[in-house]
Amino acid sequence: PLPQVLDEAMIAAVVHGFYDEIRKDDLLGPVFNGAIAPQDWPHHLGKMCDFWSATLLRTGRYEGRPLPPHLALPGLGEEHFRRWLTLFRATVHELCPPDVAVLFMDRAMRIAHSFRLAIAFSRGE
Ligand code: HEM
């Protein structure tokens, strides 16, 4: 059965479900698989669970800086962000009750927007 409240089990389900889809995606799959070697995926998934745990449950488990690796990805553009958010929305609505899905989406859209602005700024646009 799917978890009904926002807890670590729900976060883990979202993170694993989302990156399963991402890795199969024609646009985003190559970006992620180019940046993360097969043996490094467990570490990446663990880090993303920590990130969402810190972001939504205030557990303090993620202390990294999420922006720099995105600035370093060449050619990251609007179509990547749109696809990322479309896949994320589908995942959270499939796996979470509507109120929790909205929490995930609200945060994801804010962060995606801050990344877009930072990428544009760093390119002098
Ligand atoms: C890390 C791609 C959007 C949060 C990464 C990595 C890639 C990536 C390839 C791994 C970097 C590495 O280890 O070398 C993308 C793409 C995006 C996107 C293509 C959409 C265009 C987002 C959004 C969020 C996010 C919207 C937040 C909601 C993170 C975090 C990390 C990460 C927290 C780990 C950073 C660290 O190493 O501490 N992303 N990302 N990403 N991404 Fe994204």
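At what angle do helix H1 and helix H3 pack, and how far apart are their axes?

Analyst: Bear in mind that this is a predicted model. Helix H1 covers residues 8-24 and helix H3 covers residues 41-57; the two pack at an angle of about 130 degrees, and their axes are 9 Å apart. That angle is the reason H1 and H3 count as oblique to each other. Their crossing is right-handed. On the H1 side, the contact is made by Glu8, Ile11, Ala12, Val15, His16, Tyr19 and Arg23. H3 answers with Trp41, His44, Leu45, Met48, Cys49, Trp52, Ser53 and Leu57. Sort the residues of this contact by type and you get 10 nonpolar, 3 polar and 2 charged.

Tyr19 of H1 and Trp52 of H3 both take part in the contact, and both are among the residues that touch the most other members of the largest nonpolar core, which has 35 residues. The elements that give two or more residues to the core are H1, H3, helix H2 (28-35), helix H5 (78-95) and helix H6 (98-122). H6 gives the most, with 8 residues. As background, nonpolar side chains in soluble globular proteins tend to be buried together.

Cysteine 96 touches Met10, Val14, Ala101 and Phe104, if you skip residues up to four places away in sequence. Alanine 108, found in H6, is in contact with Trp52, Trp84, Leu85 and Phe88, again leaving aside neighbours within four places in sequence. Its relative accessible area is 3%, so alanine 108 is buried. Alanine 108 and tryptophan 84 are 24 residues apart along the chain, and their C-alpha atoms are separated by 9.5 Å.

Back to Tyr19, which also turns up where H1 meets H2. These two helices pack at an angle of about 105 degrees, with axes 6 Å apart, so H1 and H2 are roughly perpendicular to each other. Tyr19, Ile22 and Arg23 of H1 meet Leu28, Gly29, Phe32 and Asn33 of H2. By type, the residues of this contact are 4 nonpolar, 2 polar and 1 charged. Leu28 has another partner too: histidine 80 touches Leu28 along with Leu27, Val31 and Gly75, not counting residues up to four places away in sequence. Histidine 80 lies in helix H5 and has a relative accessible area of 11%, so it is buried.

Now for the other end of the story, the loop between H3 and helix H4 (67-71), which holds arginine 58. Arginine 61 lies in the loop between H3 and H4 too. Arginine 61 is in contact with Glu8, Cys49, Asp50, Ser53 and Ala54, leaving aside its neighbours within four places in sequence. Glu8, Cys49 and Ser53 are also among the residues that make the contact of H1 with H3. With a relative accessible area of 38%, arginine 61 is partly exposed. Arginine 61 and lysine 47 are 14 residues apart in sequence and 8.8 Å apart in space, C-alpha to C-alpha. Arginine 58, by contrast, counts as exposed, at 64% relative accessibility. Its phi is near 55 degrees, a positive value in a residue other than glycine.

Technical notes: Residues numbered from 1 in each chain as written. Predicted model: local features only at pLDDT ≥ 70, side-chain atom pairs only at ≥ 80, totals over all residues. Heavy atoms only, no water. Axes fitted to C-alpha atoms, helices over the stretch in contact; angles between N-to-C directions. Helix = DSSP H or I, 4+ residues; strand = E, 2+ residues; numbered from the N terminus. Parallel < 35°, antiparallel > 145°, perpendicular 65-115°, else oblique. Left-handed = near helix turned anticlockwise from the far one by under 90°. Contact = heavy atoms within 4.5 Å. Nonpolar A, V, L, I, M, F, W, Y, C, P; charged D, E, K, R; others polar. Core = buried A, V, L, I, M, F, W, Y, C linked by side-chain atoms within 4.5 Å. Buried < 20%, exposed > 50% of the residue type's maximum accessible area, 1.4 Å probe, protein only.
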